[in-house]
Amino acid sequence: ISILSENFNAPTNSWTTVNNSTGTNATNIAWSLKPDGYIYSTYAAWHSNDNSQFYLSNSDAGGSGSSTTTLLQSPSFSTLNYTSVDLKFYSYLYDSTPSSTTAKVQASLDGVAWTDLQTLTPISVNTSTSFTQVTVPLTAAFLNKPTVYIRFNYVASWRYFWGIDNV
C-alpha cells in the first residue's frame, strides 16, 4: 500500500522547494524539474531509474564560492493505523569529495521541527545514470500520526548534484 507517491512527471506537483543558497548564481542551484536526457555542462545525459523527469539540485551551477542549501519537501500525509512505513525513492547523489556534502532525509509532524532519518553518502564516481533506490524506515515518532512531512535537505559548498525521483 502506498500512502505517498510522486513520480514528478507532471509539469507541476504538490512538493515545496526552498533555496537558501548563496553566491552569484545561487538561483541556479534550486531544486528544479529536469527532463529525461537532461545534459549539464560536460556531463553525460541524465536518466532516472525509469527514464523520466526528475528533481535536481545542482550545486555546481552556483559557481565558485557558492554555498548550497536546498530543501525538497513533501505535502503532508497520514500514517494513522500504520505500525511500519518505509519511504522509498530513487536518488543520484554525486560528489568527488563525499565529505563535502550533507544530504539528509528528514521527517516532521508540523513542517517546522525536523528529525534526521538518514544521511546519504554520495557516490564519488560520476555516472549520471546511477539513480539507485533508497529505503528509509520512518521511526516510531512518525507512525500512527495524522500529519507527517518528509523532506530532502541538501547542503554543500560549490559541489555537485542531488537528483530525486519516484518517491
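Q: Which residue in strand E9 does Leu 71 stand opposite?
A: This is a predicted model, where local features need pLDDT of at least 70, side-chain atom pairs count only at pLDDT 80 or more, and totals for chains, interfaces and linings use all residues. Residues are numbered from 1 along each chain as its sequence is written, and side-chain values use heavy atoms, leaving out hydrogens and water. Strands (E, at least two residues) and helices (H or I, at least four) are DSSP runs, numbered from the N terminus. In E9, the residue opposite Leu 71 is Asn 153.

Q: How many bridges join strand E4 to E9?
A: Two strands pair if DSSP finds at least two bridges between them. Strand E4 covers residues 68-73 and runs antiparallel to E9. The number of bridges joining E4 to E9 is six.

Q: How many bridges join strand E6 to E9?
A: Strand E6 (residues 101-108) and E9 run antiparallel. Thr 101 has Ala 156 as its bridge partner in E9, and Gln 106 has Arg 151. The bridges between E6 and E9 number eight.

Q: What is the order of the strands in the open sheet?
A: Strands of a sheet pair through backbone hydrogen bonds, either parallel or antiparallel. Here five strands with antiparallel pairing form the sheet, in the order E1-E4-E9-E6-E7.

Q: Which strands are the edge strands?
A: An edge strand here pairs on one side only. That applies to strand E1 (16-19) and strand E7 (115-120). The edge strands are therefore E1 and E7.

Q: Why is strand E9 largely enclosed by the rest of the structure?
A: Buried means under 20% relative accessible area, exposed over 50%, and partly exposed in between (1.4 Å probe, protein chains only). E9 has eight residues, 149-156, and is largely enclosed because the number of them that are buried is seven.

Q: Where does Tyr 38 lie, and does its relative accessibility count as buried or exposed?
A: Tyr 38 lies in the loop between strand E2 (32-34) and strand E3 (54-58). Its contacts (heavy atoms within 4.5 Å) include Trp 46, Phe 54 and Leu 56, not counting residues up to four places away in sequence. The relative accessibility of Tyr 38 is 17%, so it counts as buried.

Q: Which side chain of opposite charge is nearest to Lys 34?
A: Lys 34, in strand E2, is buried and has no salt bridge, meaning a side-chain nitrogen of Lys or Arg within 4 Å of a carboxyl oxygen of Asp or Glu. Lys and Arg count as positive and Asp and Glu as negative, while His and the chain ends are not counted. At 12 Å, the nearest side chain of opposite charge is Asp 60.
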